[in-house]
Every structure is written in structure tokens, then in C-alpha cells.
Amino acid sequence: VLIASASTFDPSIGDTFATWAAGALVAVAPRMLFFASLGWVINQLEITHATCTPSLWQSLEAGVTLERFTTLCMGGERCPQPLVDV
């Protein structure tokens with residue numbers, strides 16, 4: 001599970017422990033790398049699940065294929081309607 005929220009953001013603690021409780025692996029990367037190459041990070045770390053803000057998800061490179069990715073959970077800010085419609 002890729003936890004893309006800041007470690008100082010309270011829900012990230014719950015996301016981390018819920019991931020461990022499920023027996024899954026917590027994946028992290030430098031925050032600037034998320035915004036520069038989110039798709040690359042997801043593919044390099046073989047991410048299947050992620051939690052992030054809508055703003056971060058909108059930075060995903062156009063046309064990138066997410067090879068193993070299956071589940072996205074967004075929070076922390078209002079999600080724009082076009083992103084909901086996808």
C-alpha cells in the first residue's frame with residue numbers, strides 16, 4: 001500500500017497501522033518524487049493499493065499504464081467532479 005500523505009497528517013497513522021494489520025507492506029517514497037513521477041513510483045514499487053489526495057492523483061502522468069495497481073482511496077481535500085467521474 002502506497003501511503004502518499006504526509007506522515008504529519010493524522011490519517012496517515014491509521015492508514016499505516018491498517019495496512020500492517022492486514023498483513024500488507026507499507027510503501028513510501030520522497031514526496032517530491034510523487035509529484036514528479038507518480039506513475040513511475042507506483043510501477044517501481046509494484047503498488048497495488050494507494051491512499052492519496054485528489055491533487056496528487058491528478059498529477060499522474062497522462063497515458064501511464066499502472067501494471068499492478070487495483071485500488072485507490074482518496075481523502076484530505078475535496079475531490080473535483082471530473083476526477084469522480086473517471
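Helices (H or I, at least four residues) and strands (E, at least two) are DSSP runs, numbered from the N terminus. The model is predicted: local features need pLDDT of at least 70, side-chain atom pairs count only at pLDDT 80 or more, and totals for chains, interfaces and linings use all residues. Residues are numbered from 1 along each chain as its sequence is written, and side-chain values use heavy atoms, with hydrogens and water left out.

**Exercise 1. Aromatic pairs**

Find the aromatic pairs in the whole structure and classify each one.

Solution. 
- Step 1. Apply the criterion: rings of Phe, Tyr and Trp (its six-membered ring) pair if their centres lie within 6.5 Å; planes under 30 degrees apart count as stacked, over 60 as edge-to-face and the rest as tilted. The search returns two pairs.
- Step 2. Phe17 and Trp20 are edge-to-face, with 5.2 Å from centre to centre and 90° between the planes.
- Step 3. Assign exposure (buried is under 20% relative accessible area, exposed over 50%, partly exposed in between, with a 1.4 Å probe and protein chains only). Phe17 has 52% and is exposed; Trp20 has 49% and is partly exposed.
- Step 4. The rings of Trp57 and Phe69 are stacked, because their centres are 5.4 Å apart and their planes lie at 25°.
- Step 5. That pair links distant parts of the chain, twelve residues apart: Trp57 belongs to helix H3 (residues 54–58), and Phe69 to the loop between H3 and strand S3 (71–74). Both Trp57 and Phe69 are buried.

**Exercise 2. The sheet**

Determine the strand order and the pairing sense of the sheet.

Solution. 
- Step 1. Two strands pair if DSSP finds at least two bridges between them. Three strands form an open sheet, ordered S1-S2-S3, with parallel pairing.
- Step 2. Strand S1 (2–3) and S3 are the edge strands, each pairing on one side only.
- Step 3. S1 pairs with strand S2 (residues 49–52) over two bridges, in the parallel sense. Leu2 stands opposite Ala50 in S2, and Ile3 has Thr51 in S2 as its bridge partner.
- Step 4. S2 and S3 are joined by four bridges, again parallel. Here Ala50 stands opposite Leu72 in S3.

**Exercise 3. Helix H2**

Compare the span of helix H2 (residues 31–44) with that of a straight helix, and locate the kink.

Solution. 
- Step 1. The expected span is 1.5 Å times one less than the number of residues. For 14 residues a straight helix would span 20 Å, whereas H2 spans only 15 Å between its end C-alpha atoms.
- Step 2. The bend at a residue is the angle between axes fitted to the seven residues ending there and the seven starting there. H2 has a kink of about 110°, centred on Ser37.
- Step 3. Phe34, Leu38, Gly39, Val41, Ile42 and Asn43 are the buried residues of H2. Their cover includes S1 and H3, where contact means heavy atoms within 4.5 Å.

**Exercise 4. The salt bridge**

Identify the salt bridge in the structure and place its two residues.

Solution. 
- Step 1. The criterion is a side-chain nitrogen of Lys or Arg within 4 Å of a carboxyl oxygen of Asp or Glu. One salt bridge is found.
- Step 2. Its side chains are those of Glu46 and Arg68, at 3.9 Å from N to O.
- Step 3. Glu46 lies in the loop between H2 and S2, and Arg68 in the loop between H3 and S3, 22 residues apart.
- Step 4. Glu46, which follows H2, has a positive phi near 55°. Arg68 is partly exposed, at 47% relative accessible area.
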